[in-house]
Amino acid sequence: MNVTVPDPDGLDAPAIAAVAALDDDLRRGMYVYARRARRPVTRDEAAAAVGISRKLAAFHLDKLVAAGLLRFGFAPGPVVKVGRRPKVYEPVDEAIQVQLPARRHELLAGILAEAVLAEGSGESAREAVLRVAGERGFAAGEEERARTRPGRLGTERALTVAEGMLRRYGFEPSRDSRTCVRLRNCPFHPLAAEAPELVCGINQAFLAGFLNGVRAGNVEAALVPGAAECCVELRQAE
């Protein structure tokens, strides 16, 4: 399940809840049946697929809907009960993914795809990627500023605002001092291990763009070569 706004702790809580809902043999069986059917299925069909009553099947199917795994509608055709058509269920289209520590490969993929499509004349592929990363970060910063309305930001307040965004994106920020935030996780790992110069540059450009968007001119996103975690730290600008 792709979550538009990441969870405050950097974990996709709806995705975790969806996976937890499948930790039941009956629900898992009905979910698999619904996926294999390739069409909306009724409560009676789902019940027969796992060998339970229609009433119990309805309970589990509604749990799967609440978890975001299935959606429901009403079957076409004649009304069986007064004012109602039979309820039918089918899987949602979104994929479900839970990773610990958090990964944001969809963000990296979006940056790379946009850079390929929007590469400017005379602009190298790397330049396009870094430009797009900065633009994405700037937009995230503007959204954060509009959401939190922090006013004029001093260094410490700016880092506190940044920490909220960093957690949601899975960077696992750690306030090493009042004027420095280290990032304990790279949400683009393991791609960062394969192309560290490129991915670290994307991280820096994205975070620098965020700081500009949130209007934290007294904080910089600095590359820290050889760091064991994310290669970027946020600190008071020199």
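Let me start with a question: leaving aside its neighbours within four places in sequence, which residues is Leu207 in contact with? Contact here means heavy atoms within 4.5 Å. With that, Leu207 is in contact with Met165, Leu166, Phe171, Leu183, Ala221, Val232 and Leu234.

Quick housekeeping. This is a predicted model, so I took local features only at pLDDT of at least 70 and side-chain atom pairs only at pLDDT 80 or more, while totals for chains, interfaces and linings use all residues. Residues are numbered from 1 along each chain as its sequence is written, and side-chain values use heavy atoms, with hydrogens and water left out.

By nonpolar core I mean a set of buried Ala, Val, Leu, Ile, Met, Phe, Trp, Tyr and Cys residues joined through side-chain atoms within 4.5 Å. Buried is under 20% relative accessible area, exposed is over 50%, and partly exposed is in between, with a 1.4 Å probe and protein chains only. The largest such core has 39 residues, and Leu166, Leu183, Phe206, Leu207 and Leu234 have the most contacts inside it. At least two residues each come from α5 (105–118), α6, α7, β5, α9, β6 and β7. Those labels are DSSP runs numbered from the N terminus: helices are H or I with at least four residues, strands are E with at least two. The largest share, eight residues, is from α9. There's also a second, separate core of 17 residues, which includes Tyr31, Leu69, Leu70 and Tyr89.

Now zoom in on α7, residues 155–168. This helix has 14 residues and reaches 20 Å from first C-alpha to last, close to the 20 Å expected at 1.5 Å a residue; the expected span is 1.5 Å times one less than the number of residues. Ten of the 14 are buried, so α7 is largely enclosed by the rest of the structure. Among those buried ones are Leu159, Met165 and Leu166, but also Glu163 and Arg168. What do they pack against? The list is α6 (125–148), β4 (173–177), β5 (180–183), α9 (196–213), β6 (219–223) and β7 (232–236). Just after the helix, Gly170 takes a positive phi of about 85 degrees.

Asn203 lies in α9, and at 1% relative accessibility it counts as buried. Not counting residues up to four places away in sequence, Asn203 touches Phe171, Cys186, Phe188, Cys230 and Val232. Then there's Arg182 in strand β5, buried at 7% relative accessible area. The Arg182 side chain reaches the backbone oxygen of Val232 at 3.3 Å.

Last stop, the sheet. It's an open one of three strands, order β1-β3-β2, with antiparallel pairing. Since β1 (41–42) and β2 (70–74) are at the edges with a single partner strand each, one side of each is left without a neighbour in the sheet. Strands count as paired if DSSP finds at least two bridges between them. Two bridges join β1 to β3, residues 87–91, and Val41 has Tyr89 as its bridge partner in β3.

That's my tour, so over to you for comments.

Terms used. A polar contact is a pair of N or O atoms within 3.5 Å; within protein, one must be able to donate a hydrogen and the other to accept it, and residues adjacent in sequence count only if both atoms are side-chain atoms.
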